[in-house]
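Trainee: Can you walk me through this one before I start working on it? I would like to go piece by piece.

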Amino acid sequence: MSQQHPDVPFAVTLDVGSSLANLTGTWRTERPVYVDRLPPCNHACPAGENIQAWLAYAEEGDYEAAWREAMRDNPLPAIMGRACYHPCEGACNRSPLDDAVNIHAVERFLGDQAIEKGWVPAAGAAPTGKKVLVIGAGPSGLSAAYHLRRLGHAVTIREAGPVPGGMMRFGIPAYRLPREIVQAEIDRILAMGVDLDLNHKVEDIQAEMKDGGFDACFLAIGAHLAKRVDIPTPDAGKILDAIGVLREMDTSENPPLLGRRVVVYGGGNTAIDMARTAKRLGAEEAIIVYRRTREMMPAHDFEVEEALAEGVILNWLTTIKEIDDSGSFVVEKMALNDEGWPEPTGEFDTIEADSLVLALGQNVDTGFIAKVPGVEIDKDGVIQVGPDMMTGFEGLFAGGDMVPSERTITVAVGHGKKAARHIDAWLGGARHEPPPRHELAGMDKLNTWYYADAPKAVQPALDVVRRQTSFDEIHRGLDETNALYEARRCLSCGNCFECDNCYGVCPDNSVIKLGPGKRFEFNYDYCKGCGICAAECPCGAIEMVPENI
Amino acid sequence: MSGKTSEQKIKFYQKGTFTVGNRLVDEARRSVQGSMERSNAITSGHRACQGCGEALGARYALDAAMRATGGQIIAVNATGCLEVFTTPYPETSWQVPWLHSLFGNAAAVASGVAAAMRVKGREQVRVVAQGGDGGTTDIGFGCLSGMFERNDDVLYICYDNEAYMNTGVQRSSATPPTARTATTPAAGPKPGNVFGTGKNLPLIAMAHNIPYVATASVAHLHDLERKVEKAMAIRGARYIHVFVPCPLGWGSASHDTIRLARLASECGLFPLFEAEHGEITGSIAIRRKVPVEDYLKPQKRFAHLFKDGDGIERIARLQRMADANIKRFDLQRDAKEAPL
């Protein structure tokens, strides 16, 4: 660095050097480390989507890349963007700031773009020579078929009904999920070379597997048997079940006749769908009767709100005792006891109505499954599976509504993916070990100062009057401008989005910027460990770790 | 107040709007500090404390001045932390021509350098003088006032950490009321620096009717860079007063440097404004208003205010100072989002 000049006094003998000779990194007691944390949306997604990753592509306007990222986990984005109850948004760290990112609307936009532009999934793995039978063409079966096909296996779906789609067709009314969307996404899966046998009810799983030469089987027949209660009535024809009515909506030329005043019994999403469907079929009054309180209804709150806005009437803390000879419904008032459970009060009332539709949940048709050796059916009538989705019978996997879980399309799609990965590993004689999860990027990890306030792009809704009289889709999608806007509201929780904050705020120039897409590196020669980078990282992607001193 | 700060609007709400870099805006509108080509006027290895606000503020300001002038600047430095920690003999951290003379004469030396450049016909070479609050508001004040009144072509930047930190945290005329320093101990009936003392140098600079005066903060990088660039586009005497927290002197955590600077502006105690020829032309609105306690509490120099509740009246008085600033500089209007 510096040289002594023997002929001049010491104080002026040293040549100028750079402070780069002074390695201030030795001062450090803590070191900053870049980390990736798990965003709460990804964590909450039952289908295991990497939501943050596809929002990042969408934010840059690369919708096809965004769609392809979503398709890595979920083959039905246009459907899911409409029918999923978006737990991702419930978990979104943006909620306390202004509003959660409207994730489902962006997903729907991507799904619709894909259908419009005719994007097809990328070619999958080379053929493995293995054959997998999928029983049931609902969301879970279709998801499994898609993932298995991408993994290189030959897949055949056998479906008992005349059309594929399962609950996406029979459980969700068209005003929430238009049928052409369902068909388009199913067709795209079939076009990958998945065989579909319709009107083929499997009665003997082992025989079908043996005859067809299948190496494994994924069972996803759903839960279609309506639960019933015993309500004495002089006219049994007045009592229908919601799943039957909703199915008829889709398969029959003539809409079911429910009369002018319809009572729906139950408090779940199916009850709400049923009441809203009754309204659309011309009922003057659609009355939901539920034995517990409004707060205890399993139906999603936004659906209850939409139903109320459409004029659906809600009678909670009420049970139906009988339909008397004059056709009146005798109902009993309930009251919550000290434990918060409803108890009869002995107070009776009557409701006049033309029909009663039961929406009390569904059971799994387990008859033919019980015959398979080793398969366990628990007391709730659902199939027991291990963490790898395999039943007690080697090579027979199951998922969707027929296994213990929350019964939603998204959970079903997630099961399909998970089962496909385990089936793939099992076929190769291995076990699928999911990679370890990152630490959750909670609100406490973020520095939200750096995000501008931006309210959720409102999805334009059709006005209430039009909703009550038609089966047109209620919510319209985002257009490109507001989809982009919406995607850009993502906070990128837990994962560096290259905002340059750490690079800018370091007083010691100890952050090295590696260039677009390459993120940053710390220069520990000079980093003093002040921690400003970690404190000012908006998304919580830097952690301070104690040095070993 | 007329003619609000001319902030550019951006098209969309974006993630990271207020961050150093924002890859969603045009290249030309990105910050100097986000650029891979930034000049790093102060290089690594300097001996500033962990989390030094002044090291950061000086790099922000000089890098912006270098971009604005194509690197044609000479820096003159008063004595102070910035001078000491960047140039322990025989090393230097400066990657720009740099000159240090005495504690009190930085403004006069800068005037001389500017005159020399003018005489040599090299007026494209611009001069930036810099000092701490001690070298600016106390010791160098006479020379600085002369530089202003002669309208010499110098940008003087004061990095204000509110005391003489380099020599052991003695009070300066920029030390706020109630702050504990080595010379204003937290003892007696009026602990810390007393109310009714000190001076507001940006307002004094404005009284000289110079072309440009501004306050800035290390917590508002985009605003700081914009003000430096604006100053470099003007000839004549210009003054920028940058708020730079000092973890050592303030008794704050090193990672809180930017947070404290942000809270100082968000509570109203350090208003961000600019003025041309003595008239205020704009201010940065408060985005998330906080009480002064939020700013005071993380600092040990104000710890005595929170002991036994006997600081309540003094905190209220500081709050009234903040409220007066908010009124005077119109800080609580609808905050403009996206100030790039």
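This is a predicted model: local features need pLDDT of at least 70, side-chain atom pairs count only at pLDDT 80 or more; totals for chains, interfaces and linings use all residues.

Trainee: What should the 19 residues of helix 14 of chain A span, at 1.5 Å a residue?

Mentor: Helix 14 of chain A covers residues 409-427 and should span 27 Å, and because its end C-alpha atoms are 26 Å apart, the model agrees with that expectation.

Trainee: And how many of its residues are buried?

Mentor: Helix 14 of chain A is mostly covered, with 18 of its 19 residues buried.

Trainee: Which domains does the assignment give for chain A?

Mentor: The assignment gives domain 1 as 16-36 + 496-546, domain 2 as 40-119 + 446-487, domain 3 as 131-224 + 364-427, and domain 4 as 226-362. Taken over C-alpha atoms, the centres of domain 1 of chain A and domain 3 of chain A are separated by 50 Å.

Trainee: Where do the positive phi values in residues other than glycine sit, say for M389(A)?

Mentor: M389(A) has a phi near 70°, and it lies in the loop between strand 16 (362-363) and strand 17 (396-398) of chain A. S492(A) also has a positive phi, near 55°, and its place is the loop between helix 16 (480-487) and helix 17 (501-505) of chain A.

Trainee: Why does M389(A) count as buried?

Mentor: M389(A) counts as buried because it has 27 C-beta neighbours inside 10 Å, where 20 or more is the cut-off. S492(A) counts as buried too, because it has 25 such neighbours inside 10 Å.

Trainee: Switching to the largest nonpolar core, which residues touch the most other members?

Mentor: Of the 252 residues in that core, they are C217(A), V264(A), A65(B), A110(B), Y156(B) and V242(B). Helix 1 (residues 53-69) of chain B gives the most to this core, with ten residues.

Trainee: What does V264(A) touch?

Mentor: Leaving out residues up to four places away in sequence, V264(A) touches A242(A), A271(A), M274(A), A275(A), A278(A), A286(A), I288(A), V357(A) and A359(A). Strand 9 of chain A, residues 261-265, has four of its five residues buried, and five bridges join it to strand 10 (residues 285-289) of chain A, the two running parallel. In that pairing Y265(A) stands opposite V289(A).

Trainee: Now chain B: how does its radius of gyration fit a compact globule?

Mentor: A compact globule of 340 residues would have a radius of gyration near 20 Å, and chain B has 19 Å, so the two agree. Its C-alpha trace spans about 65 × 50 × 40 Å along the principal axes, 56% of its residues count as buried, and chain B has eleven helices and nine strands.

Trainee: What about strand 8 and strand 9 of chain B?

Mentor: Strand 8 (residues 273-276) and strand 9 (residues 279-283) of chain B run antiparallel and are joined by four bridges, with A275(B) opposite I280(B). They form a hairpin with two residues between them, and H277(B) in the turn has a positive phi of about 50°.

Trainee: Which peptide bond is cis?

Mentor: The cis peptide bond joins Y89(B) and P90(B), with omega about 0°, and P90(B) is in the loop between helix 2 (81-86) and strand 2 of chain B.

Trainee: Last one: how many residues does the contact take from each chain?

Mentor: The contact takes 43 residues from chain B and 50 residues from chain A. On the side of chain B that touches chain A, helix 9 of chain B gives the most, with four residues.

Key: Residues are numbered from 1 along each chain as its sequence is written. Chains are lettered from A and ligands numbered from 1 in the order in which they are written. The expected span of a helix is 1.5 Å times one less than its number of residues. A residue is buried if 20 or more other C-beta atoms lie within 10 Å of its own, exposed if 12 or fewer, and partly exposed in between; C-beta atoms are placed from the backbone. Domain bounds come from an automatic or database domain assignment. A nonpolar core is a set of buried Ala, Val, Leu, Ile, Met, Phe, Trp, Tyr and Cys residues joined through C-beta atoms within 7 Å. Two residues are in contact if their C-beta atoms, placed from the backbone, lie within 7 Å. Two strands pair if DSSP finds at least two bridges between them. The radius of gyration is taken over C-alpha atoms; the globule rule is 2.2 Å times the number of residues to the power 0.38.
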